[in-house]
Amino acid sequence: EEQKRLLENRPDQPPRPKVLRVAIIGAPNAGKSTLCNQLLGRKVFPVSRKVHTTRCKARGVITHEDTQLIILDTPGLTNPIKAKRHNLEEAMLTDPWDSMKHADLVLVLVDVSDHWTRNSLSKEVLRCLSQFPHIPSVLVLNKVDVLKKKFLLLEIATDLTEGTVNGRKLEVKSSPKQDSRSSVKLPLHPTQASPPESKVPGSPFGQEKNQAQEGSGLDRSSEAGGAGTGEGPEHHGAKDLKDMKGWPHFQEIFMLAALRGEEVDTLKRYLLMQAKPGPWEFHSDVLTSQSPQEVCDNIIREKLLEYLPLEVPYGVTQVTDVWEEGQCGELLIVQSLLVPRESHKRMLIGRGGRVISRIAQEAGQDLMNAFLCEVHLKLKVEVKG
């Protein structure tokens, strides 16, 4: 009831409010929801190793002093063929595009630990950026902690930006003393959000710049127009996109490890600096636009994706039977999980009820962390009638 009241009532406003709407886009499973949770400081969005955990767009709200950041967590950009394969709703195709329409800034998240996809943006992401060339965009390289050969970040950054950042050309400089163990230093222009000694906002490697000088470097030497000139990037046609691996209009590159929270604060400070004067859209006590029931459904579904094989979890329907608040503020939730087949029911329950018990236990703990109260969660499994 409190959440509903906060969402429906007019938000409080400081004397000079500022606001920034940030859309986070990327391929499925790039770590968008994990990054959102780290920025918010609480887990309110579901995360899983399986793709398409996020099924609809949701807003996270960060209020800091006179500034409000509205984070638009969107489903991974996909296409109709993949959507049909995973039995995804129509919203999975339209929500990321809808979020872009309302964004002041877009973060493009790339998983650098995936060697199959890390050197090029997906066609869906490129199409999305091309459709909204007037919206400033920032490249975020995620999971850099997993990458053992740090010098590869130079190559990845060059490929994903087409060699251009903020209107300036990037040039790779090679040294005879190539050392795969050396740290990375990308001499992009520093922002106020980063310490003076670190040339890349968000790069965890700035403090080891002396080692990096013996490896490879990027030099943004010559002007290339676009974002740096204030004219904005031009619209790219379908033929242009076919030949593109990256996007030459990013304003910044950030490198972080969202799961461990490394350098997330640097990105957060940068976002706060980009906010423009404007009224707040949410009350300062609001953390997400989701209802408590939606948060609950998402967290339980996250566990289903984690512990059920193949396509099984995508066919589960969740029905909340009981949602009651006790006298001491504890929350009792009873939810039915409806599955299409008896075999799926056996898988979900597990031998001796171990699987369903583990799901209920872990989901219950996450709900306590999200709602900051005692939660008693009971799950029932039934075959759809």
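At what angle do helix α11 and helix α12 pack, and how far apart are their axes? Here are my notes, starting with that one.

Before you dig in: this is a predicted model, where local features need pLDDT of at least 70, side-chain atom pairs count only at pLDDT 80 or more, and totals for chains, interfaces and linings use all residues. Residues are numbered from 1 along each chain as its sequence is written, and side-chain values use heavy atoms, with hydrogens and water left out.

1. Helix α11 (residues 342–349) packs against helix α12 (residues 354–371) at about 60°, and their axes are 4 Å apart. That makes α11 oblique to α12 (angles under 35 degrees count as roughly parallel, over 145 as roughly antiparallel, 65 to 115 as roughly perpendicular, the rest as oblique). The axes are lines fitted to C-alpha atoms, for helices over the stretch in contact, and angles run from 0 to 180 degrees between N-to-C directions. Helices here (H or I, at least four residues) and strands (E, at least two) are DSSP runs, numbered from the N terminus.

2. Who makes that contact (heavy atoms within 4.5 Å)? From α11 come Met347, Leu348 and Ile349, and from α12 come Arg354, Val355, Ile356 and Ile359. By class, that is 6 nonpolar, no polar and 1 charged (Ala, Val, Leu, Ile, Met, Phe, Trp, Tyr, Cys and Pro count as nonpolar, Asp, Glu, Lys and Arg as charged, and the others, Gly among them, as polar).

3. Have a look at strand β12 (residues 331–339) next. 8 of its 9 residues are buried, so the strand is largely enclosed by the rest of the structure (buried is under 20% relative accessible area, exposed over 50%, partly exposed in between, with a 1.4 Å probe and protein chains only). β12 is joined to β11 (residues 317–325) by 8 bridges, running antiparallel, and to β13 (residues 375–383) by 9 bridges, running parallel; strands pair if DSSP finds at least two bridges between them. Trp323 has Ile333 of β12 as its bridge partner, while Val339 stands opposite Val383 in β13. The hairpin of β11 and β12 has 5 residues between the strands, and Gly329 there takes a positive phi near 90°.

4. The largest nonpolar core has 39 residues, and Met100, Val106, Val108, Leu121, Leu129 and Leu141 touch the most other members. A core here is a set of buried Ala, Val, Leu, Ile, Met, Phe, Trp, Tyr and Cys residues joined through side-chain atoms within 4.5 Å. Elements giving two or more residues include β1, β3 (67–73) and β4 (105–111), and the largest share, 5 residues, comes from α6. Another core, of 28 residues, lies apart from this one, with Ile24, Ala30, Phe45 and Val264 among them.

5. Helix α6 (residues 152–160) has 8 of its 9 residues buried, so it is largely enclosed by the rest of the structure. Leu160 sits in this helix and counts as buried because its relative accessibility is 0%. Beyond neighbours within four places in sequence, Leu160 contacts residues including Val110, Leu121, Leu141 and Trp247. Asn119 is 41 residues from Leu160 in sequence, yet 6.2 Å away in space, C-alpha to C-alpha.

6. Pro15 counts as exposed because its relative accessibility is 78%. Asp66 is 51 residues from Pro15 in sequence and 7.9 Å from it in space, C-alpha to C-alpha.

Technical notes
Contact means heavy atoms within 4.5 Å.
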